[in-house]
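Student: Can you walk me through this one? I'd like to start with a strand.

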Amino acid sequence: MEILGATLRVCVDDLEAAVPFYERLAGGTALRFERGGVQVAAVGCFLLMSGPQAELEVPRKVAATIAVTDVEEAQKVLSEMGAHIVAGPVPTPVGRNLIAMHPDGAIYEYADRKA
């Protein structure tokens with residue numbers, strides 16, 4: 001499994017107010033989408049999320065998003081190493097992802113850009 005990088009997950013109260021700051025900080029334009037009642041803006045290495053507290057309960061538990069070349073391969077490697085696959089792989093607006101709990105209890109999203 002090849003790890004390509006990581007994205008920091010940031011829950012914000014007001015996505016519209018937060019996006020311009022992070023666009024300027026990261027030097028790019030946010031890619032926006034909605035997932036499960038949560039408004040999301042991806043800009044640079046930041047994934048901003050905003051929505052009802054009940055909908056943010058699970059995303060707040062995920063420490064970071066780790067970009068990999070292939071989510072299927074990540075699932076196999078993680079399972080072999082004792083991680084628990086909590087959800088996925090499932091399609092996303094930009095590829096596929098899965099949520100895994102490492103043996104130490106840390107929870108991460110693994111994502112690829114394959115359709």
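This is a predicted model: local features need pLDDT of at least 70, side-chain atom pairs count only at pLDDT 80 or more; totals for chains, interfaces and linings use all residues.

Student: Which strand does Thr 92 lie in?

Tutor: Thr 92 belongs to β6, residues 84-92.

Student: Is Thr 92 buried or exposed?

Tutor: Thr 92 counts as buried because its relative accessible area is 19%. Buried means under 20%, exposed over 50%, partly exposed in between (1.4 Å probe, protein chains only).

Student: What does Thr 92 touch?

Tutor: Leaving aside residues up to four places away in sequence, Thr 92 touches Arg 35 and Asn 97. Contact here is heavy atoms within 4.5 Å.

Student: Which residue is the bridge partner of Arg 35 in β3?

Tutor: That's Val 38. β2 (residues 31-35) and β3 (residues 38-43) run antiparallel, joined by 5 bridges; strands pair if DSSP finds at least two bridges between them. They form a hairpin with 2 residues between them, and Gly 36 in the turn has a positive phi of about 60 degrees.

Student: New topic: how many aromatic pairs are there?

Tutor: The structure has 2. In one of them, Phe 21 and Tyr 22 sit edge-to-face, 5.1 Å centre to centre with 85 degrees between the planes. Rings of Phe, Tyr and Trp (its six-membered ring) pair if their centres lie within 6.5 Å; planes under 30 degrees apart are stacked, over 60 edge-to-face, the rest tilted. Ring pairs link Phe 21, Tyr 22 and Phe 46 into a cluster.

Methods:
Residues are numbered from 1 along each chain as its sequence is written. Side-chain values use heavy atoms; hydrogens and water are left out. Helices (H or I, at least four residues) and strands (E, at least two) are DSSP runs, numbered from the N terminus.
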